[in-house]
Amino acid sequence: MKASKSSGPLIITGLVLLLLILHQDNWFWTDATLVFGFIPIALFWHACISLAAVATWFLATRIAWPVSDEFEDQEGGE
Amino acid sequence: MDHPGLPQLIIILVYLGLLLALGLFSSRLFKGTKEDYQVASHSIGPFLLLMSIFGTTMTAFALVGSSGEAFREGVGVYGMLASSSGIVHSLCFFLIGVKVWKLARRYKYTTQIEFFRDRLDSDFVGYLMFPILVGLVIPYLLIGVISGGAVIQSLTAGLAPDLPMFQVFTAEGNPNPALHGGIPPWLGSMVICVVVLVYVFFGGMRGTTWANTFQTLVFMILGVVTFFVIANKLGGQESILDNLKTLANSVPEDKVTRSEMSKTKFFTYLLIPLSVGMFPHLFQHWMTAKSSHAFKLPVVCHPFFIMIVWVPCVLVGIWATGLPADMHLPANPNTILPFLVKTQTGPILGGFLAAGILAAIMSSLDSQFLCIGTIFNNDVVTHLAGKDRFSDRQQVMFTRLFIIGIVAITYFLSLGNVRSVFALGVWCFSGFSALFPIVVAALYWRGLTAAGAISGVFAAITSWCILFYQGTKVPIEQGGLSKFVLNLPIGGESYELMPVVAMMLSSTVTMILVSLVTPRPSEEKLAKFFG
C-alpha cells in the first residue's frame with residue numbers, strides 16, 4: 001500500500017465507477033437462473049456487488065483516507 | 001400465555017423496558033454540557049458509530065418494506081434499493097462525512113446549518129435551510145410513528161377482542177382477523193413516542209447511540225432468525241438447503257427476473273441514496289466520532305450489513321408470490337412479513353419479530369427527534385439570541401423542550417390521514433438528494449457562492465414542489481404518488497426516469513450558473529476551508 005499515496009484516490013474513483021457500471025446489470029435482466037439452486041442470479045449478482053463494495057471501501061481506508069495522522073494528533077480525540 | 005397476542009405483548013413490553021433502562025443508565029454518564037447532550041462529547045468509537053449510523057439509516061422499511069416490495073416487484077428491489085445504497089451510502093460517509101467531521105472538529109459545528117452559515121458567510125442560508133430540512137424530516141418521522149403503531153396492532157391481534165377500542169371490522173361488518181383485538185395504532189404509536197422521548201430526553205446523544213446499537217443488533221439478528229424459521233416451515237423438507245430450493249422453484253419467473261422493471265428507472269434510482277449526504281440526523285451522528293479513524297468501520301461494513309438484512313427479506317418476499325392461494329395472503333404487501341411470521345411461526349418469535357421491527361423504527365426516530373431539537377436550539381434560539389446569552393444548562397433544557405414539542409407534534413400528525421404518508425418516503429429522500437450537490441460544492445468547490453447555494457436550494461425545492469404536484473395527479477389505482485415517473489422520449493421510445501433526476505439537475509445547474517456570475521467568498525474565507 002506504500003506506493004499508492006497519490007494514486008489512491010484515482011484507484012478508488014475507478015473502482016467506484018466500475019461498481020456503478022456493474023450495478024446496471026442489463027445482461028441478467030431476464031435471466032431466471034437459480035445459483036446454488038435457490039438464489040436468483042440477479043440477487044446473487046447484486047449481493048456480490050455489495051461484497052465488492054466492502055472490498056472497495058476497505059481499500060479506500062488503506063490507500064485514500066482523506067485525513068492525515070497529523071490532523072488526528074492535533075485535533076482528534078484519540 | 002396461550003391467550004392470543006399476550007406473548008407478543010409481553011415481549012414488546014420487556015423490550016421497551018430494556019430500552020428505557022438503557023436510556024436512563026446512559027444519563028448517569030451525562031456531563032451536563034450542551035456538547036455532551038448533542039454529540040456525546042465527540043467520544044463515540046468505531047463500533048458504536050457503525051451501529052448507530054446503520055440503525056439510523058435503516059428504518060422499518062428495511063424489514064417490512066423490503067419483503068413487501070420484493071413481493072410486488074420481484075428480486076430487482078435489492079439492486080434498486082440495497083446494493084445501490086451499499087455503494088452510495090459509504091461514498092457519502094467517505095466523501096462528505098469525514099470531511100465535515102474534520103471541519104466541524106476544527107470550527108465547532110454541531111449542525112449542518114452551522115456549517116453552511118460559516119462556509120457561505122450567510123445568515124439567510126441558515127434560515128432558508130431550517131424549514132426545508134425540518135419539513136423533509138417530519139414525514140420521515142411520521143412514517144416511523146405510524147408504522148410502529150400498525151406493527152404493534154397487527155402482531156397483538158386477538159389480545160382483547162371484547163374491548164370496543166380494540167375492535168376492527170371489515171367492510172362487510174365481520175371482525176378483521178389480521179387486526180381485530182390488537183392494540184389500537186393510536187395507543188401503540190403513543191407508547192413508542194413516549195419510550196423514545198424518555199431515552200432521548202435523559203440520555204441525549206449518548207443514550208441514542210447506545211439504544212441504536214442495541215436495536216441494530218436486535219433487528220439484524222431477529223431478521224436472520226426469522227428467515228430460517230420461515231424457510232423451514234414453508235419449505236416442508238428435511239434440510240434447509242432443500243427448503244430453500246423448493247421455495248425458490250415455486251416463485252413465478254417474473255419475480256426472479258426484472259422483466260417487468262424499467263432499466264432506466266432502475267438506473268436513476270441510484271440517485272436516491274445520495275440523500276444520506278444531506279440527512280441532518282446523520283450529520284449529527286458523524287459529529288459524535290472520536291476521530292476520523294472511527295469512520296473506517298462504518299464506511300467498510302455498511303454495505304455488508306445492508307446485505308445481511310436485505311437478502312433474507314427479499315427472498316421471503318419473492319417466496320410469498322409462489323404460495324398457494326388458500327393461504328389468503330394479505331392485500332397490503334407491507335404486511336407480508338408480519339403475516340408469514342404470524343401464520344408460520346409461534347407467538348414467541350412473533351413477539352421477537354415485533355421487537356425487531358420496532359427496533360428498526362425507533363433507531364431512526366430517536367436520532368431524528370434529537371436532531372430537530374438540536375437544530376431548533378442551535379440554529380434558531382441561540383443563533384438569534386447570541387451564543388453567550390444562555391448557559392450550557394439552559395441550552396440542554398431548550399433542546400429537551402424542543403424534543404418534547406416535536407414528539408408531540410409528530411404524534412398528533414400521525415393520528416391524521418395515515419395512508420398518504422407512506423408515499424412521501426421516497427419523496428423525502430428525493431428532496432434530500434436534490435440538496436446533495438450543494439453540500440458537495442460547499443466542501444469541494446472554491447467557486448461556490450452564497451447566492452449560488454441559495455439559488456440551488458430554491459431550484460431544488462421549486463422543482464420538488466412542481467413534480468410533487470404532478471405526482472398527486474396519478475390515480476391511486478395506478479399507484480399514486482409513489483409510482484410517478486418522468487418519461488424521456490428518445491427516438492420513438494420512452495424511458496422512465498425517477499423525478500429526482502430533474503430535481504438534482506435543476507439544483508446543480510442553477511447553483512453553478514449563479515455561482516459563476518456572483519462574487520466569490522473572501523480569500524480569507526476560502527483559505528479557512530480550502531487552505
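**A close look at chain B**

Modeller: Happy to! Please keep in mind that this is a predicted model. Let us begin with the make-up of chain B, whose secondary structure comes to 20 helices and 2 strands. Those strands belong together: strand 1 of chain B covers residues 486–490, strand 2 of chain B covers residues 493–497, and they pair in the antiparallel sense over 5 bridges.

Now step back to the whole chain. The C-alpha atoms of chain B fill a box of roughly 70 × 65 × 45 Å along the principal axes. A compact globule of 531 residues would have a radius of gyration near 24 Å, so the 23 Å of chain B agrees with that expectation. Of the 531 residues in chain B, 58% count as buried. Turning to contacts in chain B between residues at least 6 apart in sequence, 83% join residues at least 24 apart.

Finally, chain B has a neighbour. Their contact takes 41 residues from chain B and 34 residues from chain A. On the chain A side, helix 1 (8–23), helix 2 (41–63) and helix 3 (69–75) each supply at least two residues. Helix 2 of chain A gives the most to that side, with 12 residues. By type, the residues of chain A that touch chain B divide into 20 nonpolar, 10 polar and 4 charged.

Technical notes:
Residues are numbered from 1 along each chain as its sequence is written. Chains are lettered from A and ligands numbered from 1 in the order in which they are written. This is a predicted model: local features need pLDDT of at least 70, side-chain atom pairs count only at pLDDT 80 or more; totals for chains, interfaces and linings use all residues. Two strands pair if DSSP finds at least two bridges between them. Helices (H or I, at least four residues) and strands (E, at least two) are DSSP runs, numbered from the N terminus. The radius of gyration is taken over C-alpha atoms; the globule rule is 2.2 Å times the number of residues to the power 0.38. A residue is buried if 20 or more other C-beta atoms lie within 10 Å of its own, exposed if 12 or fewer, and partly exposed in between; C-beta atoms are placed from the backbone. Two residues are in contact if their C-beta atoms, placed from the backbone, lie within 7 Å. Ala, Val, Leu, Ile, Met, Phe, Trp, Tyr, Cys and Pro count as nonpolar, Asp, Glu, Lys and Arg as charged, and the others, Gly among them, as polar.
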